[in-house]
Amino acid sequence: RSLRSPLDAVLHVVRKGANYIAGADDVVGPDPSIRFQAPEDGDYVVYLHDQLMKGGPTYAYRIEVVPVAPKLTISVPN
């Protein structure tokens, strides 16, 4: 939505040539998000489409892939 695109994005992750892994709509916030850990080495495909199957030159999008970093650490004193 930060691009002011009319796209109502739905995001998907699949294993190339194999099974569907995960999908997300914009349930929380304006853009879809998936936390994904590859179950094994291989090629994975990320794709998206408009919920209403519309499109055109103004339907811009940006996909960001970032590693998940821990937000909390716990330690026990000796």
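## A walk through a three-stranded sheet

Let's start with the sheet: three strands sit in the order β2-β1-β3, with antiparallel pairing, and the sheet is open. Because β2 (20-24) and β3 stand at the edges with a single partner strand each, one side of each is left without a neighbour in the sheet. From one strand to the next, the twist averages 20 degrees. Angles like this run from 0 to 180 degrees between N-to-C directions, with axes taken as lines fitted to C-alpha atoms (for helices, over the stretch in contact). A strand here is a DSSP run of E with at least two residues, a helix would be a run of H or I with at least four, and both are numbered from the N terminus. Two strands pair if DSSP finds at least two bridges between them.

A quick word on what you're looking at. This is a predicted model, where local features need pLDDT of at least 70 and side-chain atom pairs count only at pLDDT 80 or more, while totals for chains, interfaces and linings use all residues. Residues are numbered from 1 along each chain as its sequence is written, and side-chain values use heavy atoms, leaving out hydrogens and water. The score called pLDDT is the predictor's confidence in each residue, from 0 to 100. For the protein chain its mean is 84, and 97% of the residues reach 70 or more. Confidence is lowest in β2, at a mean of 84, and highest in β1, at 89. Where pLDDT is low, the predicted coordinates should not be read in detail.

Now zoom in on β1. Six of its seven residues are buried, so β1 is largely enclosed by the rest of the structure. Buried means under 20% relative accessible area, exposed means over 50%, and partly exposed is in between (1.4 Å probe, protein chains only). Strand β1 (residues 9-15) is joined to β3 by seven bridges, and the two run antiparallel. Its pairing with β2 is antiparallel too, over four bridges.

Follow V13 and you can see both partners: V13 stands opposite V46 in β3 and opposite A22 in β2. A22 counts as buried, because its relative accessibility is 18%.

Next, the charged partners. Two salt bridges turn up in a search of the whole structure; the term means a side-chain nitrogen of Lys or Arg within 4 Å of a carboxyl oxygen of Asp or Glu. In one of them, R15 meets E40, with the closest N and O atoms 3.2 Å apart. R15 lies in strand β1 and E40 in the loop between β2 and β3, so this pair ties together parts that are 25 residues apart in sequence. R15 is partly exposed at 22% relative accessibility, and E40 is partly exposed at 46%. R15 also stands opposite Y44 in β3. The other salt bridge joins R62 and E64, where the closest N and O atoms are 3.2 Å apart. Both R62 and E64 are exposed.

Finally, head past β3 (44-50). M53 lies in the segment after β3 and has a positive phi of about 55 degrees although it is not a glycine. Most residues other than glycine have a negative phi. M53 is exposed, at a relative accessible area of 64%.

V65 is in the segment after β3 as well, and it counts as exposed because its relative accessible area is 70%. Together, V46, Y61, I63 and V65 form a nonpolar patch on the surface, with about 410 Å² of accessible area. Patches are made of residues with over 30% relative accessible area and no salt bridge, joining like charges within 9 Å and nonpolar side chains (Val, Leu, Ile, Met, Phe, Trp, Tyr) within 5 Å. The areas come from the Shrake-Rupley method with a 1.4 Å probe, and for residues, only the protein chains shown count as cover.
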